[in-house]
Amino acid sequence: MAAVQILQIAAITSSLVLLLLQPVAATMVPPAPAPRARGSVGVTLHVQRHQVLVDNGVVQVSVSKPQGQITGVRYAGERNLLHFGEGDENSGGYWNVFWNFPGSGQPRGRIDMLDSTEFRVVSSSEEQVELSFRSTYDPSRFNSVRLTVDKRLVMLRGSSGFYCYAILEHADNWPALNITETRLAFKLNTARFNYMAVSDGIQRYMPRAADRDPPRGKQLAYKEAVLLLNPLEPQFRGEVDDKYQYSLDNKDNKVHGWIGGGPVPVGFWVITPSNEFKSGGPLKRELTSHVGPTSLTMFLGTHYVGNDIVAKIDDGEHWKKVMGPVFIYLNSNPSRGSFQALWEDAKAQAEAEARKWPYTFPESPDFHKAAERGSVTGRLLVRDNFAIGNVLAGEYNLYAWVPGILGDYMYAASVTVSAGGAVSLGDLVFEPPRSGPTLWEIGVPDRSAAEFFIPDPNPKYLSKLFLTRDNKYRQYGLWDRYADLYPRTDPSSPSE
């Protein structure tokens, strides 16, 4: 099977959701004051023997050379916002990929930390520095990931943060490859960050990573879920911590991160300006931030779907994908104001980044600028018109669904989008599948579980963060409550 790139290009209105799938051969709080560089302060680059330093007067980032591991982020007087240990590949900021190949004999696959072997300065001026850290497949090494990976880091003048993206490519003469996950991870300073924010309703002070280890914590049904028995801070005693509880749909995953208190509160945020480079569509759910403190960007991932979404690249198949850029945004509040001000500022920055998409600054020719993209318009004859802009040139299939209407719409022909082109599909007729008149219907077909019955969690496994109706389903162990509610028989069985 050829690999399928599921582009997160969607037109979402109140009554219509469309996707293009490409086969690949609250109360307002005044914004927190974030430090800004003076206009005269440009970006500087210092290339040393084993590391590279990029500084724009607001943020300084250090990266190992040639590996491309982000070892330090200096901001607002903090020497390093990251937790980095020399020789620890799972520290600082890093990319990795979970991969496998047919006939490997290892069902769980393997992890590659994507350490680079080549360093290059792509551009360097007072306005912008872009760095490349590149590695490529080595056929002589059995465990060499069958990809060329070009990791990029970009810093702009006056920007309170930096951008990360990568280009992954499989050559047309290389053997087959399956990619399960591709992600960018940041491990933050454990002594500095203790407040996590994922959404307006999911944010609070968090337990420490040490609280998850025995004897302070006890593993439950799977290793990610831990019951906190004797945490360092008693307020968390008896709660369950599980990174899957903090997942979000792609469409909602715009900004998340951590805040550190102290004399000057500081925020570290992962901003996703577009989801075109993520797999699975707007309702695909993925990880965000979790106890560590850790913040992730999941570009490819099988969570909540399974093997159906694995990128399966055939022998001799040419495949290339640009992942990102994502923006690592930093803000602070010298007046020691509320954490809410930092969160509101981060949300405002996320909206500003989305308005800039597609970005104009990436130097890689594989990242297509606005002039190299096209658009698709039409009218789906159920409820709504649609328009999908900034579409990368290529050949696509068009899918749609309408909340409240059963079934999916699929455009019969492929849609070819050219650079600068505008494709008008005219009127498209969606005839929902029916074998006859509807006699009765349970719930609303909207691809949401909002109408499902959610039992009260077991008091032994309660998480205080998820007591509201909107987030109650995130509680641990709800699957076991069915047997508690119906200990003798299944009420849905024919005998009932």
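This is a predicted model: local features need pLDDT of at least 70, side-chain atom pairs count only at pLDDT 80 or more; totals for chains, interfaces and linings use all residues.

Biologist: In what order do the nine strands of the open sheet run, and in which sense do they pair?

Modeller: Strands of a sheet pair through backbone hydrogen bonds, either parallel or antiparallel. Strands (E, at least two residues) and helices (H or I, at least four residues) are DSSP runs, numbered from the N terminus, and two strands pair if DSSP finds at least two bridges between them. Here the open sheet has the order β10-β11-β12-β13-β27-β22-β21-β15-β16, with antiparallel pairing. At its edges lie β10 (118-124) and β16, each of which pairs on one side only. Ignoring direction, neighbouring strands of this sheet are turned by 20° against each other on average; the axes are lines fitted to C-alpha atoms, for helices over the stretch in contact, and angles run from 0 to 180 degrees between N-to-C directions.

Biologist: Over how many bridges do β15 and β21 pair?

Modeller: Strand β15 and strand β21 (residues 255-260) pair over four bridges in the antiparallel sense. Within β21, isoleucine 259 is the bridge partner of tyrosine 195.

Biologist: Which residues have the most contacts inside the largest nonpolar core?

Modeller: A nonpolar core is a set of buried Ala, Val, Leu, Ile, Met, Phe, Trp, Tyr and Cys residues joined through side-chain atoms within 4.5 Å. Buried means under 20% relative accessible area, exposed over 50%, and partly exposed in between, with a 1.4 Å probe and protein chains only. The largest nonpolar core here has 81 residues, and those with the most contacts inside it are Ile70, Phe162, Ile179, Phe186, Phe268 and Trp269. Strand β27 (residues 319-332) supplies the largest share of this core, eight residues. Another core, of 17 residues, lies apart from it and includes Val391, Leu398, Val415 and Val423.

Biologist: Which residues does phenylalanine 466 touch, and is phenylalanine 466 buried or exposed?

Modeller: Contact means heavy atoms within 4.5 Å. Leaving aside residues up to four places away in sequence, phenylalanine 466 touches Ile202, Gln245, Tyr246, Asn471, Lys472, Arg474 and Gln475. Phenylalanine 466 has a relative accessible area of 0% and is therefore buried, although its place is in the loop between β33 (422-428) and α2 (481-485).

Biologist: How many aromatic pairs does a search of the whole structure find?

Modeller: A pair of aromatic rings is described by the distance of the centres and the angle of the planes. Rings of Phe, Tyr and Trp (its six-membered ring) pair if their centres lie within 6.5 Å; planes under 30 degrees apart count as stacked, over 60 as edge-to-face and the rest as tilted. The search finds 28 aromatic pairs. In one of them, the ring centres of phenylalanine 162 and phenylalanine 186 are 6.3 Å apart and the planes stand at 65°, so the pair is edge-to-face. Because phenylalanine 162 lies in strand β13 (residues 161-170) and phenylalanine 186 in strand β14 (residues 177-187), the pair ties together parts that are 24 residues apart in sequence.

Biologist: Why is the pair of tyrosine 195 and tyrosine 205 edge-to-face?

Modeller: The ring centres of tyrosine 195 and tyrosine 205 are 5.2 Å apart and their planes are at 85°, so this pair is edge-to-face. Tyrosine 195 is buried, with a relative accessible area of 12%, whereas tyrosine 205, at 41%, counts as partly exposed.

Biologist: Where does a charge sit over the ring of phenylalanine 367?

Modeller: A charge sits over a ring if NZ of Lys or CZ of Arg is within 6 Å of the ring centre and within 35 degrees of the ring normal. The charged end of arginine 373 sits over the ring of phenylalanine 367, 5.5 Å from its centre.

Biologist: Which peptide bonds are cis, and what is phi of leucine 114?

Modeller: Most residues other than glycine have a negative phi, and most peptide bonds are trans. The bond from glycine 292 to proline 293 is cis, with omega near -5°, and the bond from tryptophan 357 to proline 358 is cis, with omega near 0°. Leucine 114 has a positive phi, near 55°, and is buried, with a relative accessible area of 2%.

Notes. Residues are numbered from 1 along each chain as its sequence is written. Side-chain values use heavy atoms; hydrogens and water are left out.
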